[in-house]
Each structure stands twice: as structure tokens, then as C-alpha cells.
Amino acid sequence: MDDYIDTLLFALRQRECTPLTAEYRCRQESQALSELEETFSPEQKDLFLFYEAARNATSDAYVDWVARKAFLLAREIYR
């Protein structure tokens, strides 16, 4: 059971942020992305869109993994 707890706590600490810092990070990322996209050629834009889709899929998989670990931990605790 320690493995589940350690895994979850580590993941939560790595991604910990307040709503204020999350909003700031989103605005900062959005601004940087807008400025970067202005410099892309059509081919670069296509490649970036492909990369972005793959990155989003990886992020979704990670969130699903953490949620599954949390569910399994809860199940073990409440048995």
C-alpha cells in the first residue's frame, strides 16, 4: 500500500499549484504559443499540431493513470 501512497503523493506534489499560479501559467503559455505560431511556416504549423496532439494524449494518459491509482488506493483502504 505504501507504493500507492508514495506514487500519488509524488504525482500530486509535482503538479501542485494554486488557481492563481495555474491561471498565470495558462496565460503565459498561451501568449508564448501565439507568438511562436506567428513564426511558423505552413509545414512547421502542421508538425506542431501533430506534436501538440501527441503531447495532449500523453498528458491524458498520465491523468488517467493517477486517477486509477487513486481509485485503487481508495478501494484498498475501504475494504
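Reader: What should be known about the model and its numbering?

Author: The model is predicted, so local features need pLDDT of at least 70 and side-chain atom pairs count only at pLDDT 80 or more, while totals for chains, interfaces and linings use all residues. Residues are numbered from 1 along each chain as its sequence is written, and side-chain values use heavy atoms, with hydrogens and water left out.

Reader: How many residues does α3 have, and what span should they give?

Author: Helices are DSSP runs (H or I, at least four residues), numbered from the N terminus. The expected span is 1.5 Å times one less than the number of residues. For α3, 36 residues should span 52 Å, and the end C-alpha atoms are 53 Å apart, which agrees.

Reader: Which residues in α3 are buried?

Author: Buried means under 20% relative accessible area, exposed over 50%, and partly exposed in between (1.4 Å probe, protein chains only). In α3, Phe-48, Val-66, Leu-72 and Leu-73 are buried. The value for Phe-48 is 14%.

Reader: How many aromatic pairs are found in the whole structure?

Author: Rings of Phe, Tyr and Trp (its six-membered ring) pair if their centres lie within 6.5 Å; planes under 30 degrees apart count as stacked, over 60 as edge-to-face and the rest as tilted. The search finds three pairs. One of them is Phe-40 with Phe-48, tilted, at 5.4 Å centre to centre and 45° between the planes. Phe-48 also forms a tilted pair with Tyr-51, at 6.0 Å and 45°. Phe-48 and Tyr-51 both lie in α3 (residues 42-77), three residues apart, about one turn of the helix. Phe-40, Phe-48 and Tyr-51 form one aromatic cluster.

Reader: How many salt bridges are there?

Author: A salt bridge is a side-chain nitrogen of Lys or Arg within 4 Å of a carboxyl oxygen of Asp or Glu. The count is two. Glu-23 and Arg-27 meet at 3.8 Å, N to O; being four residues apart in α2 (residues 19-37), they are separated by about one helical turn. Arg-55 bridges to Glu-29, with the closest N and O atoms 3.4 Å apart. This pair links distant parts of the chain, with Arg-55 in α3 and Glu-29 in α2, 26 residues apart. Arg-55 is partly exposed at 34% relative accessibility, and Glu-29 is partly exposed at 45%.

Reader: Which residues form the nonpolar patch on the surface?

Author: Ile-5, Leu-9 and Leu-12 form the patch, with about 240 Å² of accessible area together. Patch residues have over 30% relative accessible area and no salt bridge; like charges are joined within 9 Å, nonpolar side chains (Val, Leu, Ile, Met, Phe, Trp, Tyr) within 5 Å. Accessible areas come from the Shrake-Rupley method with a 1.4 Å probe; for residues, only the protein chains shown count as cover. Ile-5 lies in α1 (residues 2-14) and is partly exposed at 31%.

Terms used
Helices (H or I, at least four residues) and strands (E, at least two) are DSSP runs, numbered from the N terminus.
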